[in-house]
Amino acid sequence: MKKRFLVLLMVMIMVISAAGCSKEPASNGESKDTLSGEPIGRKTLTLHDSEWMGTDLFRCSSWYTSQNLVSDTFLIQDPKDPSKLLPNICSDYKVSEDGMSFRLTFPEGMKFADGTPLGPEDFIASIEYGLEDRDGDGEPDSDWGYGYSNIKSMEVDGRDVICYLSEYRSDLEYFLTQPFMGIISKKQLESMSRDELLWGALPYGQFYVDEFIPGSHVILKPNPYYMTSNPLVENKGASRLESITVKMADVEAFTLNTGIKEGDIDILTGINMEQYAELSGADDIMILDVTFPNIEYFELNQDSKHLSDIRVRKAIMKALDRDAMEVMCQGSFKPEYAMITSVMQNYSQRAEEYFKKIFLMM
């Protein structure tokens, strides 16, 4: 029986771009791996995700998991050491000793899906586009622009871009690893209106949108010029898939489970715990657990007459049984005591121990 894959897309990107260094046509028209000589296999994939809002990553207020396929990040976190950044689009990354500037290196040979070469000027044009303030409120129009708004100036040095900062902020490195701080060609940004860019933008990525039917699906085709600096994958060229269909209809969990069991869907980008319990018992379905550095938290209004007394707020925090919540959520959440966890950049064990001590001693 053919094995189907149920994964979170952070892992799926690794799956579809993993094995071999190049390809050659087989006699039956199926691509073969030049290392093993074996057929590569599937040429298409179907996955389910939420509704897309466009391909202009700077203007989309939401960016769903499968959209990462059309927008590569400049850098990626090292899965073995989250404090370390690895190449992805950029082949090198250096930070000045005072933390007030950094240098990104853009290798030669990268091209957008329309054949436009990718260079340092495209990075500068993209960041300037993301920082535009057309409404004059003093903030970037982009919902994500705050993450790199401390970039005050940029200059090109060969294949490098040097970014000078107005202040040091640790979250900038996080944004360099996220697709909504990606790159669109300077040519597109200068020749297309914002309305045209909404669905016509071609961020640099492994795939591009070939067809979009609102409320139904997106069909992705591989960027034929694609290459990556990612050291974690063997195939650093174009994907061997001919297409990916992203279904976006809002359907109930039962329908999604049925779809993947019957082979109508190859990949679900996320499942709830009830789905997990049902699907984990199937022999022909693979579930890959991925830990995301997301924090679930709530804030207390200190101006409220009921919460103004710090003793009340401490009592509420003391009443939260984090271990019991983990059991109730069937292990889908883990107790934490600080906003920066061990799987995140800039993790501090000292800070975690400090806050844990405070919460436990309340």
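This is a predicted model: local features need pLDDT of at least 70, side-chain atom pairs count only at pLDDT 80 or more; totals for chains, interfaces and linings use all residues.
Residues are numbered from 1 along each chain as its sequence is written, and side-chain values use heavy atoms, with hydrogens and water left out.

**Entry: serine 71**

I looked up serine 71 and found the backbone oxygen of proline 179 at 2.9 Å from a polar atom of its side chain. Serine 71 is placed in the loop between E4 and strand E5 (75-78); helices (H or I, at least four residues) and strands (E, at least two) are DSSP runs, numbered from the N terminus. With a relative accessible area of 2%, serine 71 is buried, a word I use for under 20% relative accessible area, with exposed for over 50% and partly exposed in between (1.4 Å probe, protein chains only). Apart from its neighbours within four places in sequence, serine 71 is in contact (heavy atoms within 4.5 Å) with residues including Leu57, Trp63, Pro179 and Tyr204.

**Entry: the whole chain**

I then stepped back and counted 10 helices and 15 strands in the protein chain. Of its 362 residues, 41% count as buried. Among contacts between residues at least 6 apart in sequence, 60% join residues at least 24 apart.

**Entry: the cores and helix H2**

I next searched for nonpolar cores, that is, sets of buried Ala, Val, Leu, Ile, Met, Phe, Trp, Tyr and Cys residues joined through side-chain atoms within 4.5 Å. The largest has 53 residues, of which Phe74, Phe106, Phe123 and Leu220 touch the most other members. Elements giving two or more residues to this core include strand E8 (101-105), helix H2 (120-130), strand E10 (160-165) and strand E12 (217-222), and H2 gives the most, with five residues. A second, separate core of six residues includes Leu256, Ile265, Leu279 and Ile285.

Phenylalanine 74 is in contact with residues that include Pro87, Phe106, Phe123, Leu176 and Ile183, leaving aside its neighbours within four places in sequence.

How many of the 11 residues of H2 are buried? I found nine, so H2 is largely enclosed by the rest of the structure. Among them are Phe123, Ile127 and Tyr129, and what covers the buried residues of H2 includes E8, strand E9 (151-157), E10, helix H4 (186-191) and H5.

**Entry: histidine 48**

I found histidine 48 in strand E4, buried with a relative accessible area of 14%. Its side chain reaches the backbone oxygen of alanine 249 at 2.8 Å. Histidine 48 and isoleucine 265 are 217 residues apart along the chain, yet their C-alpha atoms are separated by 7.1 Å. Not counting residues up to four places away in sequence, histidine 48 touches residues including Lys247, Ala249, Leu256 and Ile265.

**Entry: aromatic rings**

I searched the whole structure and found 13 aromatic pairs; rings of Phe, Tyr and Trp (its six-membered ring) pair if their centres lie within 6.5 Å, and planes under 30 degrees apart count as stacked, over 60 as edge-to-face and the rest as tilted. The rings of tyrosine 174 and phenylalanine 175 have centres 5.5 Å apart and planes at 90 degrees, so this pair is edge-to-face. Tyrosine 174 is partly exposed at 37% relative accessible area, whereas phenylalanine 175 is buried at 3%.

For tryptophan 199 and phenylalanine 212 the centres are 3.7 Å apart and the planes at 15 degrees, so the pair is stacked. This pair links distant parts of the chain, with tryptophan 199 in helix H5 (residues 194-200) and phenylalanine 212 in strand E11 (residues 207-213), 13 residues apart. Tryptophan 199 is partly exposed at 27%, and phenylalanine 212 is partly exposed at 23%. I also noted that ring pairs link Trp144, Tyr146, Tyr174, Phe175 and Phe180 into a cluster.

**Entry: cysteines**

I searched for disulfides, pairs of cysteine sulfur atoms within 2.5 Å, and found zero in the whole structure. Cysteine 163 is in no disulfide, and the nearest cysteine sulfur, that of cysteine 90, is 9.2 Å away. Cysteine 163 is buried, with a relative accessible area of 0%.

How values were computed. A polar contact is a pair of N or O atoms within 3.5 Å; within protein, one must be able to donate a hydrogen and the other to accept it, and residues adjacent in sequence count only if both atoms are side-chain atoms.
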